[in-house]
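Trainee: I would like to go through this structure with you, one point at a time.
Mentor: Ask, and each answer will end on the value or name you want.

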Protein chains: 2
Amino acid sequence: MKIDPNSPGDLSAQIAAAIRDAIIGGDLIVDERLPSEAELADNFNVSRPTVREALKRLAAQSLIRTQRGAFGGAFVNRLSYQDAYNQHITTSTLLLGMNGVSFDTACEARFALERACATLSAERRLPDHLATMRAEIVRQAQPGLSDEAFCASDVALHRALVDGAGNPVMSYQLAGAVEAMQPLMNMITFTARDRAEIVRLHTSIADAAEARDGMAVSDALVELEAYTKALAQSVFAARAQNTATGSSAS
Amino acid sequence: MKIDPNSPGDLSAQIAAAIRDAIIGGDLIVDERLPSEAELADNFNVSRPTVREALKRLAAQSLIRTQRGAFGGAFVNRLSYQDAYNQHITTSTLLLGMNGVSFDTACEARFALERACATLSAERRLPDHLATMRAEIVRQAQPGLSDEAFCASDVALHRALVDGAGNPVMSYQLAGAVEAMQPLMNMITFTARDRAEIVRLHTSIADAAEARDGMAVSDALVELEAYTKALAQSVFAARAQNTATGSSAS
DNA sequence: GCCATGATCAATGTCAGACAATTAAATGTC
DNA sequence: GACATTTAATTGTCTGACATTGATCATGGC
């Protein structure tokens, strides 16, 4: 792990890769302390700032944490679910936002994956999950709610559904699909009629979850997917119309 | 975006967060050039090494790329699917490897999500995807194959199935579930009999995909999930037995 | 004897200035 | 006009220093 030739990329990138491989490969175990920056600099034959840049790269991926003071240093980090969530959501949001992914593609993936949780969630959901869904539905029915708040509540409801499956790995994976949709959903302005329909479908989902009827949850999700896609299409069509009109007028 | 109080964490972390928010919030668009390190240092009233640490954090998340030379600098990166894949896989692998996630939990999540692709993949898979599956099945039937190679081939087959859905967002999301299982699968030593059974189930999947029968793909995945879980359980039980015997003998 | 207080020290966090390496553009030359 | 050279801007790296933090340990008072 101490090797470090001078051929390809930046030194700090090479060092970061070497340490990352050691962590992933199990050579460095959780909570183990890395050598001090000075020692690493010596081992790799580079300066301390270079080592520091490498460590910051790893810290950015939550692979290590650093602690100041005597007997401080860099420690291999136990990746918490929360850290993993956040990274996954950040990456997914960027991927959807910057790569010209069509709304339909993202939507299809999101609902397909969410339906994968439907059966399990209907089976295992706790009273808490159901209560959260009901509460969010009530919130969504409030008249004065902003579009952003409506979308945030939408995400919270679906998260409760996913968490209901009682499988944290699945919750983690779904976070990227469900939460990363929020910016795309925010682009849609919801009329009162749209909201009523969405609330109706959400209620179907909650009812089905309460009845522990996985198929009904799945069916409601299919309906919601279709409605969401149709809604987005009409909004985008209207927007394109406006843009065209605006440009022709100028 | 230029604000930077001295209250909470490290300066480099704050600066990285500020720039990251600017990117995610759309204030910095793809391929836009950030100010030079010297300018950033000046704007944030910090030294250049501190700015560099912040930039390296962002580079580690593929949010920016840097280019040397005149008119080089840091540019907002368009997150490629490949970069997103890799990050997702790294994070997922660590999450599964370091958090005491039970094999059953990971397995359940993985197959539940994969079944979400089954219908779409059966519908849309191209000849290429089918050919890849068939080729991997042939490889898996070779007698001399190492366990690692067998698992890698297993992953390749499932990736082909997932990619067959023709939805890159879904492929990205599934990458974390499917590929991150590989280290866990590697912990299982496959007997010749196990391999034959797995190959049989893989063949069922490929046959169903060829017939464009989504339900059959899904059913085969259910069977494969059950078999994988049983296999893991027996392997872990045998290992526990050995450990107990070994410790009592010492 | 025990606890509180301060000293110590090792480590990270930050700074300043310098030089090397690289690369695109501007300039010069044929 | 095409090609070689210079130039300037920028990142990559190094050196050395100081500030800050926080656990440990010695000191002193009770």
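The questions below concern a predicted model.

Trainee: By what rotation is chain B superposed on chain A?
Mentor: The superposition has an RMSD of 0.1 Å. The shift along the axis is 0.0 Å. The two copies are thus related as by a two-fold rotation axis. The rotation is 180 degrees.

Trainee: What percentage of the contact residues of chain B recur in chain A?
Mentor: The contact takes 40 residues from chain B and 39 residues from chain A. The same surface serves both copies. The share of the contact residues of chain B that recur in chain A is 98%.

Trainee: Which element gives the largest share of the side of chain B that touches chain A?
Mentor: The elements of chain B that give two or more residues to this side are helix 1 (11-24), helix 3, helix 4 (81-98), helix 5 (103-124) and helix 8 (168-179). The largest share is 10 residues. Those residues come from helix 5 of chain B.

Trainee: Which element gives the most to the largest nonpolar core?
Mentor: The largest nonpolar core has 90 residues, and Cys117(A), Ala106(B) and Cys117(B) are those with the most contacts inside it.

Trainee: Which residue of chain A does Ala106(B) touch, not counting residues up to four places away in sequence?
Mentor: With that exclusion, Ala106(B) touches Leu96(B), Val101(B), Met181(B) and Leu184(B) in chain B. The list also holds a residue of chain A, Val169(A).

Trainee: How many residues are in the second, separate core?
Mentor: This core includes Ile23(A) from chain A. From chain B, its residues include Val51(B), Leu55(B) and Ala74(B). The size of the second core is 36 residues.

Trainee: Is Leu161(A) buried or exposed?
Mentor: Leu161(A) is found in helix 7 (residues 147-163) of chain A. Leaving aside neighbours within four places in sequence, Leu161(A) is in contact with Cys117(A), Ser121(A), Met133(A), Ile205(A) and Ala209(A). A residue needs 20 or more other C-beta atoms within 10 Å to count as buried. Leu161(A) has 27, so the residue is buried.

Trainee: What distance in space separates Leu161(A) and Leu130(A), C-alpha to C-alpha?
Mentor: Leu161(A) and Leu130(A) are 31 residues apart in sequence. Their C-alpha to C-alpha distance in space is 7.9 Å.

Trainee: Why does Asp207(A) count as partly exposed?
Mentor: Asp207(A) lies in helix 10 (residues 192-210) of chain A. The C-alpha atoms of Asp207(A) and Met133(A), 74 residues apart along the chain, are separated by 9.9 Å. Partly exposed residues fall between the limits of 12 or fewer for exposed and 20 or more for buried. Asp207(A) counts as partly exposed because its C-beta neighbours inside 10 Å number 16.

Trainee: Where is Asn45(A)?
Mentor: Asn45(A) has a positive phi of about 60 degrees although it is not a glycine. With 11 C-beta neighbours inside 10 Å, Asn45(A) counts as exposed. Its place is in the loop between helix 2 (37-44) and helix 3 (48-60) of chain A.

Trainee: Which element gives the largest share of the surface near DNA strand D?
Mentor: DNA strand D is surrounded by 25 residues, and the closest are Leu11(A), Val46(A), Ser47(A), Gly69(A) and Ala70(A). Two or more residues each come from helix 1 (11-24) and helix 3 of chain A, and from helix 2, helix 3 and strand 2 (73-76) of chain B. The largest share, 3 residues, comes from helix 3 of chain A.

Trainee: How many residues of the surface near DNA strand C are charged?
Mentor: DNA strand C is surrounded by 24 residues, and Leu11(B), Val46(B), Thr50(B), Gly69(B) and Ala70(B) are the closest. The surface near DNA strand C has 9 nonpolar and 10 polar residues. The charged residues number 5.

Definitions and conventions. Residues are numbered from 1 along each chain as its sequence is written. Chains are lettered from A and ligands numbered from 1 in the order in which they are written. This is a predicted model: local features need pLDDT of at least 70, side-chain atom pairs count only at pLDDT 80 or more; totals for chains, interfaces and linings use all residues. A nonpolar core is a set of buried Ala, Val, Leu, Ile, Met, Phe, Trp, Tyr and Cys residues joined through C-beta atoms within 7 Å. Two residues are in contact if their C-beta atoms, placed from the backbone, lie within 7 Å. Copies are superposed by least squares on the C-alpha atoms of residues with pLDDT of at least 70 in both. Helices (H or I, at least four residues) and strands (E, at least two) are DSSP runs, numbered from the N terminus. A residue is near a molecule or strand if its C-beta atom, placed from the backbone, lies within 6 Å of it. Ala, Val, Leu, Ile, Met, Phe, Trp, Tyr, Cys and Pro count as nonpolar, Asp, Glu, Lys and Arg as charged, and the others, Gly among them, as polar.
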